[in-house]
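I opened a new notebook page for this structure.

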Amino acid sequence: MGTLRMIDVAVNFTDGMFKGIYNGKQQHVADIATVLRRAWSAGVDRIIVTGGSLEESKEALAIAETDGRLFCTVGVHPTRCKEFEESGDPEKYFQALLSLAKEGIQKGKVVAIGECGLDYDRLHFCPSEIQKKYFEKQFELASETKLPMFLHMRAAAEDFCEIVERNKNRFIAGVTHSFTDSAEDRDKLLSFNNMYIGVNGCSLRTTENLDVVRGIPIERMMIETDSPYCEIRSTHAGINFVKSSWPSKKKEKYDHECIVKGRNEPCLVRQVLEVVAGCKGVSDIDQMSRTIYHNTCKVFFPHDLDSAADALLAGHPESR
């Protein structure tokens, strides 16, 4: 598999599929430990577990505490922002998020505020006015904790960028993850000099997607799987660039040696790297992965920048 070092910045380990539950039905044993073993041996050396609500953020932190290479986010996903009001006391809900984030920082586990942002594709879960109100509110979390932000933007670029613009001095850096929007929206995001773009299988589905990704500078990119979603499928435009593979079996025939067909997992972040390299015409995937690793450390693991910089320099002997 080679010696690439990768950080998967978006894994939904709180999802039932990692407990073996699909559509409410138990299909196999809970298998996060097995999934992690595969990830570590594929060259993933850190994973950020996504929190999308107060309860989910607590669960994400509990999962992150099981392994030194796991970290997590604390925040409320745009589609769940009604929880602030349904809790009966939005300010109390906010304070609970803040104290959870602070507790997680002390444990060395919480590395970002999020997943927060706007999602106008799924307004049936939460109306846009409520999304906007509590997206803006979560910049307070970032400003109080001095953490970067893990952001979600779907079919909402104009309002999203307006809110980020208004709050750009309240957060140190951020990544807009699972990016699937237009070249124009990409350029809007890149105009914020503290913003990175997260790329996964959903970002690489069509030839248009690949054109947009081609225009994201490697220095502003992060990679992710968004497991168990957003896998790279055989019908996707970038599939011919994929070089690595793992044996897979259907969930009904679960085998811990194989990945579950149709369920994405962190080892497959390597395929994201391969497709990005392929569509950008990059031959030195090692160097590209070092740059992306460095970006990710700069935002989420600044205390490790020295080792990330050493890894970067290893690819440039002349720059020593």
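I took a disulfide to be a pair of cysteine sulfur atoms within 2.5 Å. By that rule I counted one disulfide. The model is predicted, so I kept its limits in view: local features need pLDDT of at least 70, side-chain atom pairs count only at pLDDT 80 or more, and totals for chains, interfaces and linings use all residues. Residues are numbered from 1 along each chain as its sequence is written, and side-chain values use heavy atoms, with hydrogens and water left out.

**Cysteines**

Which cysteines form the disulfide? I found C202 and C230, with sulfur atoms 2.3 Å apart. The torsion about the S-S bond is -95°, and the link of C202 and C230 is left-handed. The pair joins distant parts of the chain, 28 residues apart. C202 sits in the loop between β9 (195-199) and α8 (207-214). C230 sits in the loop between β10 (221-223) and β11 (248-249). Helices here are DSSP runs of H or I with at least four residues, strands are runs of E with at least two, and both are numbered from the N terminus.

Next I checked burial. Buried means under 20% relative accessible area, exposed over 50%, and partly exposed in between, with a 1.4 Å probe and protein chains only. C202 is buried at 9%. C230 is buried at 15%.

C81 is buried at 0%. C267 is in no disulfide either; the nearest cysteine sulfur belongs to C258, 11 Å away. I noted 0% relative accessibility for C267, which counts as buried.

**Helices α5 and α6**

I then looked up α5 (residues 128-145) and α6 (residues 157-166): their axes come within 10 Å and cross at roughly 30°. Axes are lines fitted to C-alpha atoms, for helices over the stretch in contact, with angles from 0 to 180 degrees between N-to-C directions. The two helices are therefore roughly parallel (angles under 35 degrees). I listed K132, F135, E136 and F139 of α5 against D159, F160, I163, V164 and R166 of α6 as making the contact (heavy atoms within 4.5 Å).

**D185**

D185 lies in helix α7 (residues 183-190). D185 is buried at 12%. What does D185 touch, leaving aside neighbours within four places in sequence? I found M153, A157 and F179. The C-alpha atoms of D185 and A157 are 6.3 Å apart, across 28 residues of chain.

Terms used:
Angles under 35 degrees count as roughly parallel, over 145 as roughly antiparallel, 65 to 115 as roughly perpendicular and the rest as oblique.
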